[in-house]
Amino acid sequence: IRKLKLGGCSGGGQALVTFEDVRVPVTNRISKEGMGFRCINYNSDHCGYLWLVAQVALGLARAATRESFTYADQRKVFGDAIAKDSAIREKLAHMAAEVEFLEAQLETITHQFSHFFWGARASKRLLGRCALTKMKATKVLEFCGMHAVHVLGAKGVTRGGRGRIVERIFRDGPCFAIPGGTQEVLAGLCVRQALLYENRAKM
């Protein structure tokens with residue numbers, strides 16, 4: 001086992017595992033022959049996992065937004081806080097709007113988990129919505145990380161110091177598009193689910 005060095009999300013624990021002359025008894029095989037990839041890919045089709053990644057992305061996006069608001073209020077240029085600048089205000093408003101709408105969507109899905117669907121029913125009825133929300137959450141995280149760097153300037157890309165939180169979010173943010181499926185994979189899943197239930201409704 002060899003640990004891999006990553007550009008971001010260094011706590012993920014990715015490693016290269018090499019097998020040489022390994023034989024696995026049939027009694028130890030999981031599922032049927034040829035179904036290994038489906039077992040590995042199970043997390044991508046699991047509502048709870050997609051929901052979890054989206055929640056973490058939301059928390060980081062909100063942290064980037066909070067840091068941007070705080071910095072814009074404290075940083076002064078020519079005697080005035082940069083928060084008074086219309087361009088900065090527009091960035092802050094867009095960040096806040098994306099975060100608030102994403103949180104509303106996640107609260108809706110959480111309510112549906114709690115009151116209507118769970119287990120196998122959730123995987124069937126909420127999978128498309130969870131995939132869509134996770135896809136949106138990673139886009140919002142990247143958006144907020146980028147605009148936070150615009151607000152903080154050089155501090156936003158400097159490790160340590162005043163901009164350490166924004167720098168880490170900006171560096172790690174794109175990594176969240178990978179677990180559970182990339183944007184393209186989840187987009188395809190959302191459309192398949194929508195067409196599946198639309199066709200069932202017509203029957």
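**View 1. Cysteines without a disulfide.** A search of the whole structure finds zero disulfides, a disulfide being a pair of cysteine sulfur atoms within 2.5 Å. The model is predicted: local features need pLDDT of at least 70, side-chain atom pairs count only at pLDDT 80 or more, and totals for chains, interfaces and linings use all residues. Residues are numbered from 1 along each chain as its sequence is written, and side-chain values use heavy atoms, leaving out hydrogens and water. Cys-130 is buried, at 1% relative accessible area. Cys-175 is partly exposed, at 22%. Buried means under 20% relative accessible area, exposed over 50%, partly exposed in between (1.4 Å probe, protein chains only).

**View 2. Helix 5, residues 127-152.** Helices are DSSP runs (H or I, at least four residues), as are strands (E, at least two), numbered from the N terminus. The expected span is 1.5 Å times one less than the number of residues. Gly-153 follows helix 5 with a positive phi, near 70 degrees.

**View 3. Thr-133 and its contacts.** Thr-133 lies in helix 5. Its relative accessibility is 3%, so Thr-133 counts as buried. Beyond neighbours within four places in sequence, Thr-133 is in contact with Ala-54, Leu-102, Gln-105, Leu-106 and Ile-109. Contact means heavy atoms within 4.5 Å.

**View 4. Phe-19 in a loop.** Phe-19 sits in the loop between strand 2 (15-16) and helix 1 (36-40). With 64% relative accessibility, Phe-19 counts as exposed.
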